[in-house]
Amino acid sequence: MCGIAGIFHLETAKPVDPARIRLMTDAMLHRGPDGNGCWTAPGVGLGHLRLSIIDLEGSAQPMLSEDEADVLTFNGEIYNFQEVRAELAALGHRFRTSGDTEVILAAWRQWGVGCLDRLNGMFAFAIHDQRTQRLFVARDRLGVKPLHYAPLPDGSVIFASELKGLLAHPALRRAPDPQAVDDYLAFGYVPDHRCFVAGVRKLPAGHYLMLERGKPLPAPVQYWDVDFSKRARGSVADLEAELMHHMRQAVASRMIADVPLGAFLSGGVDSSTVVALMAERSTQAVKTCSIGFDVAELDESDYARRIAERFATEHRSRTVSPDDIAIIDQVAAQFDEPFADASMLPTFRVCQLARENVTVALSGDGADEAFAGYRRHVFHHGEERVRNLLPQGLRGPVFGALGSLYPKADWAPRPLRAKSTLLSLARTGAEGYTDAVGVTNYAQRHALYSDSQIKALGSYRGEDHMIALMESAPARTGLDAAQYADMKLWLPGDILTKVDRTSMAVSLEAREPLLDYRLIEFAATLPDAMRVRGGQGKWLMKHAMRGTLPDDILYRPKMGFVSPIAQWFRGPLAEQARSIASGSALARSGWFNTARLSEIAEAHISGRSDHARLLWQLWMLDKALDRVF
């Protein structure tokens, strides 16, 4: 697990100053405290930071092939490297090290771009082929590991694991992208097809770039996608057995490490499943850790403790106050771009706790996306059944009229928010689901924007990309399309970004076995009824774990990490809420109607309205503006 950076000149082989590479890697030192390296040649430079996990004494990077024709800088882990290594050895390749880095070099030499089909892991890497003067850059299938890149005026392309690595290069022009601001307010994060800094791009998950001297910067090429258009056949017992096989394989492959290894344990279905499968395979007590809260309705530590006792883990728990305001600046700074998922704070705390005892921690992330585990999936599935019964021409006017008349009740449990449901049913499935996952809708955003920002955006609307994804998804049903869009936008943009930045901030490697691509491919073939049934998501996964996990773990309501931001903005952060409208970087940006921002802050502080999520979004945007520009 590491940080990488590099420079490649597309037009001519200009010299690359090693000091520029080191500036870029120095900006990300938290990603690799165990070593660093820099390699340059005419027209190219590669940098690397190392957090040692496998082959602790060897596998230094950037790594050259034995004949020095290929050079690699690599962030991530290849979980099946031993099998690939054996295959390559049988083909005549020789190895000097015992890690996975050299295996990538040999796989590139043997199969070229086809090496990506052989590698199962989380990765972002760049290989310079000195024979052809090409730079091959690739990112893993689901986007667990990040990669940012940007063309510069001098004809070079720079890349780095984090945006801060690019920002360290003095030639990168810093200007905000107004469309990224709209995306951020729509979803609470900047999706991978956009970047807060204009001109900077993120290599999409499951894509590669082939940079070649003398040719222009190419578009990314997709080498993998998840396909929801096929359906598995078989009984519940057969599909359950296949699911367990994939989960066991995924967990086992992620338990390979030459450093202390453990797991996050919240006491929910996903993390409990991972810990159960780890305990099944391990000859020693699994090291687990959890964060508890000193507010009973937010605290899951008792569930975590019960799972720890059930599987005899070496468990550590720490209770923190939800009012953990002291770390906000420290954590927000890890994200570079604005990031409004407030669960980043407790996620950072659990990573800190894990790092005290282990260097690698397995998490349960990915199961909700793979098996339709979010409540919004269950609601969407139900709404789609209604949409399939009534044509759009009837639904639009009838449900639209009813929705406009029904009183708004955001305070009520979702099933009682009939207004939201009625308005959703009046739209297409893609439009309804996109609205359900959004944070600040189009009308709310435009009521906040200044005239100049509205003019700059024109017809642009952050939601349109997600709607288009759902409408063109390789899918059979609306549920398929919703999960597909989540995997393309929400998963890499929010969940995996949050885990990568908070874990790397403390030099901890987080691994997500439930995002093994073979498991994801299998889950995408499950009929809807194997994912959502009886008002429950993740139906087959829960059914498969019955007996291994107790029912009150499997079927209890989903909690997740939360922070009491509504109370913060009425108490210790009230002045920060007011400052958003005056004197802040955000107020000076010219993007917003500051009088409207002030009204929103005062309405929340007084208790007349709840604008906590919007105020948090705006505050995180303000902090990002200060940091980046």
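User: Which residues of helix α2 are buried?

Analyst: In this predicted model, helix α2 spans residues 81-90. Elements that cover its buried residues include β5 (70-78), α3 (101-111) and α4 (115-118). Seen down the axis of α2, the buried residues fall within an arc of 65°, so they line one face of the helix. The buried residues of α2 are F81, V84 and L88.

User: Which exposed residues does the face of α2 turned away from its buried side carry?

Analyst: A residue counts as exposed when its relative accessible area is over 50%. On the face of α2 that is turned away from the buried side, the exposed residues are E83 and A90.

User: Which residue just after α2 takes a positive phi?

Analyst: Just after α2, the backbone has a phi of about 105°, which is a positive value. The residue that takes this phi is G92.

User: In the open sheet of six strands, which strands stand at the edges?

Analyst: The order of the open sheet is β2-β3-β1-β9-β8-β10, with antiparallel pairing. Each of the two edge strands has a single partner strand, so one side of each is left without a neighbour in the sheet. The strands at the edges are β2 (35-41) and β10 (201-202).

User: How many bridges pair β2 with strand β3?

Analyst: Strand β3 covers residues 44-50 and pairs with β2 in the antiparallel sense. Within this pairing, G37 stands opposite H48 in β3. The hairpin of β2 and β3 has two residues between the strands, and G43 takes a positive phi near 85° there. The number of bridges over which β2 and β3 pair is seven.

User: What residue of β11 stands opposite F136?

Analyst: Strand β7 (residues 134-139) and β11 run antiparallel and are joined by five bridges. Strand β11 covers residues 207-212, and five of its six residues are buried, so this strand is largely enclosed by the rest of the structure. The residue of β11 that stands opposite F136 is M210.

User: What is the bridge partner of Y208 in β12?

Analyst: Besides its pairing with β7, strand β11 pairs with strand β12 (residues 221-222) in the antiparallel sense, over two bridges. In β12, the bridge partner of Y208 is V221.

User: Is A312, with its positive phi, buried or exposed?

Analyst: A312 is a residue other than glycine, yet its phi is positive, near 50°. The residue is found in the loop between α9 (301-310) and β15 (314-320).

User: Does K538 count as buried or exposed?

Analyst: K538 lies in the loop between α22 (528-531) and α23 (539-544). Although K538 is not a glycine, its phi is positive, at about 55°. Its relative accessibility is 5%, and buried means under 20%, so K538 counts as buried.

User: How far apart in space are E521 and K230, C-alpha to C-alpha?

Analyst: E521 is found in helix α21 (residues 517-524), and at 33% relative accessibility this residue counts as partly exposed. In sequence, E521 and K230 are 291 residues apart. In space, their C-alpha to C-alpha distance is 9.9 Å.

User: What is the volume of the largest cavity?

Analyst: A search of the whole structure finds 13 cavities of 30 Å³ or more. Among the 24 residues that line the largest of them, the closest to its centre are H148, K202, E337, T497 and R501. The volume of this largest cavity is about 210 Å³.

User: Which helix gives the most to the lining of the largest cavity?

Analyst: By class, the lining has eleven nonpolar, four polar and nine charged residues. The element that gives the most to this lining contributes six residues and spans residues 478-505, and it is helix α20.

Note on methods: Residues numbered from 1 in each chain as written. Predicted model: local features only at pLDDT ≥ 70, side-chain atom pairs only at ≥ 80, totals over all residues. Heavy atoms only, no water. 1 Å grid on protein atoms, 1.4 Å probe; cavity = no way out; pocket = protein on both sides within 12 Å on 5 of 7 lines; lining within 4 Å. Points joined across faces, edges and corners; volume = space filled by probe spheres on them. Helix = DSSP H or I, 4+ residues; strand = E, 2+ residues; numbered from the N terminus. Nonpolar A, V, L, I, M, F, W, Y, C, P; charged D, E, K, R; others polar. Buried < 20%, exposed > 50% of the residue type's maximum accessible area, 1.4 Å probe, protein only. Arc of directions from axis to C-beta. Contact = heavy atoms within 4.5 Å. Pairing = 2+ DSSP bridges.
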